[in-house]
Each structure stands twice: as structure tokens, then as C-alpha cells.
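Trainee: Could you take me through one part of this model in detail? I would like to begin with the sheet and then move on to what surrounds the ligands.

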Amino acid sequence: MKKRSFSIFTMLIVTVLSFVRCSQPAEVSNIHPLTKSWEIAVPNQEVPKGLFSLSAEDCGSCHTQHYQEWKMSTHAHAWTDLQFQAELKKESSPIMCINCHIPLQNQQEYFVDGYVDGDIYQPVKRLNPKFDRDLQQEGINCASCHVRDGAVIGTTGSTKAPHKTVKDPKFLSETLCISCHNAVAVVTPTLACSFETGDEWKAGPYYGQQNCISCHMDTIQREWMVGYGEKLSHRHYFPGSGIPKIDTVKTMMKNGFAFYPSLLEKKYSLSDSIFFKLKIKNEFAGHKVPTGDPERFFIIHFALTNKNGDIVSENEYRIGEHWQWHPAVKKIEDNNLLPNEERDFLFSYLPKKKGKYYLNVSVTKHRMDEKAAEYNNLGNEYPRFIPVFEKQYPILVEKE
Ligand code: HEC
Ligand code: HEC
Ligand code: HEC
Ligand code: HEC
Ligand code: HEC
């Protein structure tokens, strides 16, 4: 069960490679080139004219609010995150893991030219003279999304900017988000990559209406830099699941789910079943909930307690994926809720005694289960889940 935490990966490199094998001269045929977008870093970038560096901190000296928001985002923690670092250190993690977490070549110590015999654990590496360790700490920083070919990419082509600016709204669209938030691949038989947020969105009702940016980057009128006048701007918190990562990221976003508890009778007689229905609807997300990392799940828990607080009956439901890791990685189940899909969760109990009861209903959203947290030595402080619905209903069972 050692590989279970690499929920992230699995794939058909083999087909691609056999093609390559045929088209290469014999003496170099044992080094296989990289083919997938996420196997390749964004090439080393030059500092755009008018700027000192590529670092987010320096962008932040002028774009103070953008910087403060970004710093609280998970993007800013994509490298330093404890779970990521724990997983990366394992032998079973291939080097390609880093390409969506520190996407610029400047953030990576080595160039990777290919894999020996197509083995992802034998990368052909060269030292990168432009490697910048401080930039690496910033994870997905401003330059990851905004700097290409010596220019800052924007959507207006602002001529007031003191740095070289290029207008490219197509580049700075949801296509950019999807380049990292959608990857389905089997890397080795026990390592799978499965983020389908982009495909889920494209297949759903929001396609053509709202996209990653309109939902995850709220708009607001404000100055892009002090003294330049207010205009339309985008928040840079990139809130998502809302499950924080240690003291840093506290995101603020509506849950994807809306909760509709069925009305309960307040009084029951002994011959009546106590019956309760919680309808859950994916009302606000443009993709499945949960989406992305297959380790995420929700628990819906019902517990009926008596007046002393003892549990007399309880049951539990789970929304999430189930994967098999051995002998070969495979998705066995996925009951994540599609956009606008709704599902009923039921509780019923036939009371055996008169008296006062309480029905406690809770829904919690989980980043990972306890075993995965333990396996990665994340400690007790690492936030694994948050409550998203909690209610207690008093019930009286009085007549025979
Ligand atoms: C010395 C101050 C300064 C620094 C440092 C700076 N910017 Fe700017 N930037 C500006 C100003 C001023 C504007 C134009 C503001 C306006 O038009 O309201 C601007 C505009 C932009 C725009 C909008 C361009 C468009 O065409 O819509 C983006 C995006 C941007 N900057 C990103 C960055 C990034 C990323 C960095 C760091 C790599 C950075 N800036 C560093 C001052 C700065
Ligand atoms: C994950 C990608 C991503 C990262 C990281 C990112 N931005 Fe942006 N940024 C965008 C997108 C997308 C837009 C909005 C494009 C549009 O106009 O629709 C934007 C817009 C901007 C603008 C134009 C004004 C506005 O608010 O719309 C500025 C300035 C800017 N970003 C600065 C920064 C700075 C500074 C950082 C780092 C602290 C940063 N960005 C990090 C994707 C990113
Ligand atoms: C270079 C790859 C990359 C790009 C481009 C990118 N992301 Fe991300 N995104 C990530 C990674 C990696 C994480 C997870 C970081 C972590 O948990 O440590 C993440 C996290 C997120 C989260 C938070 C998930 C949560 O758990 O709360 C949201 C929301 C998000 N991204 C939205 C976007 C949007 C919107 C865009 C486009 C404007 C975008 N991303 C562009 C790689 C990327
Ligand atoms: C209609 C609005 C909407 C659109 C469109 C949308 N999202 Fe989301 N997204 C949400 C909401 C709401 C959540 C919070 C779900 C929850 O409760 O966990 C979320 C959660 C996430 C998460 C965190 C994972 C999770 O299970 O919570 C990521 C990552 C993410 N979105 C990325 C994207 C990307 C990438 C796109 C574009 C392909 C996108 N979103 C489009 C509303 C949207
Ligand atoms: C195709 C781009 C991509 C690659 C390659 C990639 N990741 Fe990620 N990673 C993401 C995105 C996007 C997220 C955020 C997913 C979400 O929140 O839904 C993420 C999130 C994570 C998280 C945080 C999970 C959480 O619950 O917050 C960890 C840990 C992680 N990745 C580890 C890895 C490891 C280990 C590898 C290599 C086996 C890897 N990643 C390769 C895109 C990638």
C-alpha cells in the first residue's frame, strides 16, 4: 500500500514512446524525449525591461494588493506545502511532479532532456545556470502566469506600465488554468495523475457562461497600483475548497454545495419512524464537487442522541472517489456531484423509548483521510477537513 498517496499520477507514455523509438537514430534511442505539457517546464524567462527581477515580492512593491492576496493563495504554497514536500521526497515521485508546482525553468535546478529507456525515474539532467532558489519558494508566482518572452502579459496592453507589456487575453484565459488543472495520465502502473476539472467544466452547464476566472477571481473596482486610478481588477486569492493549509491560507469562497434539510416533525409517538432527509445540490461550482485531487471527499454524518448525549443510532455517507492502487492503479468509484446534480441522504430510526432526543447532522469537507496524513507525517496541526454544515434538531417522542 506504499504508493497510495500518489493519487496524482498514471499513463500511456508507452504508446508515445514506441512511436519515438521508431523515429530516432539507434545510438540515442535509449533517451526518450518529453512529450506531455506537464513533463516540460516553461523555458527560462528573462526579466522584462523596466523590472529588477521575476520575483512576486518585487511585483508586489507596486501591485501591493495583488501581492497580498496571492500570498494567501494555495498557488503561493504550491512548493512549500508540507504535503507536497513529503510526497516529492519519496522515491516513487518522478521529477515531473514539479512542473505544475514550480512551472518556470528558472525555479528548477535542472534541465530534464528526457528519460533513459523511457524510465521516468531515470531523467537525463543538466544543471540550470539560471536556477533561482528564492524564486522556487514562491511556487506558482506572478511570473508563472504573467511573464513570457521578456514581457509582462496583460489583457489591456496598459501603456502606463513601467515594464514591457504585451496584450494577450487569449493566453491569460481559462486555457492557462486548465493547462495545470486537467491532466489524466498513468505514469507507472501504480502512479496515476487524475485532475479533470477542465473537462468537467467543458462538459457542464457553465461552459460558455462562466469560467475558472469569473468564479475564482472576483472582480472589483480598484487601483492596480497606487496613483493610477481605479478600474476593473481581479482578486488574486484563488479560493477553492476553503480547507486552509496550516496558518497561512484562509480562503473565502462559497461552498459548492447548497443544503436543503427536510422539515422534521417536532413530536413523535413510539410507532413512528423518525425520518430525516438532507438534500445536497452542487449549486455553485462549475465542475464536480469535489474536483481535482482524487483524495478529496465529503462525509455526511447523522447521529441521534438521547438526553444524556449517548448515541442511539447513527449512519454515514461519503461523496468522493475510490481508487485501487495494487496491482495496477484504477478508479473504482466516483460519486462526486456534477454541476447542478442533487442527491438525498436519509436517516430513519424507530424509537424504542419515550423521551427527548437530538438529531445531529453534519457535513465535513476533507482534503485527505487520516491515513494519508499519517503516511506523510503531516502532524496534527495540518488542517485535514472543515465543517460545511452542522445542525442539531430536538425531537420529542411522547406517546405510546
Ligand atoms: C515599478 C512598479 C511596477 C512593478 C515592479 C511591476 N509593475 Fe506591473 N504595472 C505597473 C503599472 C503602473 C501598471 C499600469 C497600471 C495602470 O494602468 O493602471 C502595471 C500593469 C501591469 C499589468 C496589466 C497589464 C495589462 O496590459 O493589462 C500586469 C498584468 C502587471 N502589471 C503585472 C506585473 C508583474 C507580474 C510584475 C512582476 C513581474 C509587475 N507587474 C511589476 C507597475 C509595476
Ligand atoms: C494563476 C495565474 C495568475 C497568477 C499566479 C497571478 N495572476 Fe495576475 N492575473 C491573472 C489573470 C487570469 C488576470 C485577469 C485577466 C483578465 O483580465 O481577465 C490577472 C490580472 C492581473 C492584473 C491586471 C489587473 C487586474 O487585477 O485584473 C495585474 C496587475 C496582475 N494580475 C498582477 C499580478 C501579480 C502582481 C501577481 C503576483 C503577486 C499575479 N498577478 C499573479 C492570473 C494570475
Ligand atoms: C502552473 C500550474 C497552475 C496554473 C497555471 C494554475 N493553477 Fe491553480 N493550482 C495549481 C496547483 C499545483 C495548486 C495546488 C497548490 C497546493 O495545494 O499546494 C492549485 C490550486 C488552485 C486552487 C485552490 C484549490 C484548493 O484546494 O482550494 C484554485 C481555486 C485554483 N488553483 C484555480 C486556478 C485558476 C482559476 C487558474 C487560472 C487563472 C489557475 N488555478 C492556474 C496549479 C496551477
Ligand atoms: C460557476 C463557478 C465555477 C466555475 C466556472 C469554476 N469553479 Fe472551481 N469551484 C467553484 C466553487 C463554488 C468551488 C468550491 C467547491 C467546494 O465546495 O469544495 C470550486 C472549487 C474548485 C477547486 C478546489 C477543489 C475542490 O474540490 O473544492 C479547484 C481546484 C477549482 N475549483 C478549479 C477550477 C478551475 C480550474 C475551473 C475552470 C476549468 C473552475 N474551477 C471553474 C466554482 C467554480
Ligand atoms: C498537471 C499538473 C500537475 C502535476 C504534473 C502534478 N500536480 Fe500536484 N497538483 C496540481 C493541481 C492542479 C493541484 C490542485 C488540485 C486541486 O486542488 O484540485 C495539485 C495539488 C497537489 C497537492 C495538494 C493536494 C491537496 O489536497 O491540497 C499535492 C500534495 C500534490 N499536488 C503533489 C503532487 C505530486 C507528488 C506530483 C507528482 C507525482 C504532482 N503533484 C504533480 C497539478 C499537478
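**A sheet and the ligand shells**

Mentor: The open sheet is built from 3 strands in the order β4-β5-β6, with mixed pairing. β4 (147-148) and β6 (165-167) are at the edges and have a single partner strand each, so one side of each has no neighbour in the sheet. β5 and β6 run parallel and are joined by 3 bridges. Across from Ile 153 stands Val 166 in β6. Keep in mind that this is a predicted model.

β5 (151-154) supplies at least two residues of the shell around ligand 1, and so do α2 (56-62) and α6 (142-146). That shell holds 23 residues, and the closest are Cys 59, Cys 62, His 63, His 163 and Lys 231. By residue class, the shell around ligand 1 has 11 nonpolar, 9 polar and 3 charged members.

Next comes ligand 3. There are 21 residues around ligand 3, and His 75, Cys 177, Cys 180, His 181 and Lys 245 come nearest. Both α7 (174-181) and α9 (212-216) supply at least two residues of this shell. The largest share, 4 residues, comes from α7. Lys 245 has an N or O atom in its side chain 2.7 Å from an oxygen atom of ligand 3. Ser 241 uses its backbone: a polar atom there is 2.8 Å from an oxygen atom of ligand 3. Arg 296 places a polar side-chain atom 3.1 Å from an oxygen atom of the ligand. The shell around ligand 3 divides into 10 nonpolar, 8 polar and 3 charged residues.

Last, consider ligand 5, which has an iron atom. The protein gives this iron a single donor, NE2 of His 101, at 2.2 Å. His 101 is found in the loop between α4 (82-88) and β2 (110-116).

Note on methods:
Residues are numbered from 1 along each chain as its sequence is written. Chains are lettered from A and ligands numbered from 1 in the order in which they are written. This is a predicted model: local features need pLDDT of at least 70, side-chain atom pairs count only at pLDDT 80 or more; totals for chains, interfaces and linings use all residues. Side-chain values use heavy atoms; hydrogens and water are left out. A residue is near a molecule or strand if one of its heavy atoms lies within 4 Å of it. Ala, Val, Leu, Ile, Met, Phe, Trp, Tyr, Cys and Pro count as nonpolar, Asp, Glu, Lys and Arg as charged, and the others, Gly among them, as polar. A polar contact is a pair of N or O atoms within 3.5 Å; within protein, one must be able to donate a hydrogen and the other to accept it, and residues adjacent in sequence count only if both atoms are side-chain atoms. Donors are N, O and S atoms within 2.8 Å of the metal (3.2 Å for Na, K and Ca); water is not among the atoms, so sites may look incomplete. Two strands pair if DSSP finds at least two bridges between them.
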